[in-house]
Amino acid sequence: VETSYFIGVDWIGYERQAIFVQPKLNQGGFQTDFLRMLSTALRHPDVAEHTKDLFVIRFDQPAIDIFPEHDLLTPLLAVQFLSTVRAIVKRGLKKSYYRVERRLNGRVKGKIRQSSSIRQQLLDSNALHMHCSFDEFGLDSPENRLLKKALAFVQRYLPTVQYLHAAPWLQELLRYTLPAFEQVSDVTGMATVPHPKNNVFYPEYSEAIRLARLLLQRFGYHLSNVRKTDMLHTPPFWIDMSKLFELYVLGLLKDRFPGPRQVLYHYTASGNELDFVLHTPEYQMVVDAKYKPRYAHGFSNDDIRQVSGYARSKYVYRQLGKTEHDVIDCLIVYPDNSLPAEGLEERDLKSERIGAYVGMYKMGVGVPGRE
């Protein structure tokens, strides 16, 4: 069985044996805090659009009984959802028109629901009571109600996981997002929430609603299913740690170089998709994130050939303002859990040269860990 860079839980073999794969960095008592890795990336709202391929959930397969500490999926969904909602709250909740039904006394608005109105008039002995259906503009839309319901699930879920409940950064996320939904109703029906259309003013809504649906489906849509137990039932899932590490590096680079178009992510050149192109006054280079801890003690010639090929593209030369006589520097970033999980603000990206090559460097970055 080869799992590449994926972690998760799934069925294997004809006899349906369950398998659990943990991060390869979990060695010597070190536990990778992949939630902090994701949170570091999602501090930048534009990163959310690149997370769609981060995990796969197989709801069509039978659930697997696992220990709570092996549940990597639910914490990931919760953190990704909270980070996306934080970006929405920072921008402001979207107002829209939505259909409401209300009993009015002595006035009419919108469409009269005749059967309901007659029934209510007979019950109240008041001919002025009208049951009306009309459109209203405000925050109490089906989309916002769905997000609030998913927030309630996350709020109830966090205390069931000790290391999540004690994490101050997650509690701060909840305190920041929940007050924004005070004017939103608590109840929503799943069937009444349409799939949102892309909106250039509110780009995070589509992703937030997708994650909210996954969270509610994960718990069977019942808040009572969120409780602390000795065993959990989870659908098979896989998380791409290579992709997560790439996003983590993206977050670190954006922290260091916040200027517009200083960090180009997934830059396409000559049919190739580069991880990063760095274009700053100090650095003009091609950067590749490799989820390969072995780089701490060596390097891969195949990887170097790949990155070197990226750096020979004429599109990259034009992007960086280089001439054909220049050698574009290349950097390979790899995880090293022996280093502290700090930012790149004080790091020299060219401090570790790969001596057998010209303009080729590598740099280890610490990943967050937890007890």
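In helix α4, the buried residues are P142, E143, N144, R145, L146, L147, K148, A150, L151, F153, V154 and Y157. Buried means under 20% relative accessible area, exposed over 50%, and partly exposed in between (1.4 Å probe, protein chains only). This is a predicted model, in which local features need pLDDT of at least 70 and side-chain atom pairs count only at pLDDT 80 or more, while totals for chains, interfaces and linings use all residues. Residues are numbered from 1 along each chain as its sequence is written, and side-chain values use heavy atoms, with hydrogens and water left out.

**Helix α4**
- Helices (H or I, at least four residues) and strands (E, at least two) are DSSP runs, numbered from the N terminus.
- Because 12 of its 16 residues are buried, α4 is largely enclosed by the rest of the structure.
- The helix covers residues 142–157, and at 1.5 Å a residue it should span 22 Å, which agrees with the 23 Å between its end C-alpha atoms. The expected span is 1.5 Å times one less than the number of residues.

**Largest pocket**
- The largest pocket holds about 760 Å³ of space, and of its 30 lining residues, P68, E69, D71, V161 and L232 are the closest to its centre.
- A pocket is an open set of points on a 1 Å grid over the protein atoms alone, where a 1.4 Å probe fits, with protein on both sides within 12 Å along at least five of seven lines; lining residues have an atom within 4 Å of a point. The volume is the space filled by probe spheres set on the points, which are joined across faces, edges and corners.
- At least two lining residues come from each of β3 (31–32), α5 (162–165) and β9 (232–234).

**K292**
- K292 sits in the loop between β13 (284–289) and α9 (301–311).
- With a relative accessible area of 12%, K292 is buried.
- Apart from neighbours within four places in sequence, K292 is in contact (heavy atoms within 4.5 Å) with Y5, D303, Y334 and P335.

**Cysteines**
- The whole structure contains 0 disulfides, a disulfide being a pair of cysteine sulfur atoms within 2.5 Å.
- C132 counts as buried at 0% relative accessibility, and C330 counts as buried at 2%.

**Positive phi**
- Most residues other than glycine have a negative phi.
- R261 has a positive phi, near 60°; R261 lies in the loop between α8 (241–256) and β11 (263–269) and counts as exposed at 56% relative accessibility.
- H266, in strand β11, has a positive phi near 55°.
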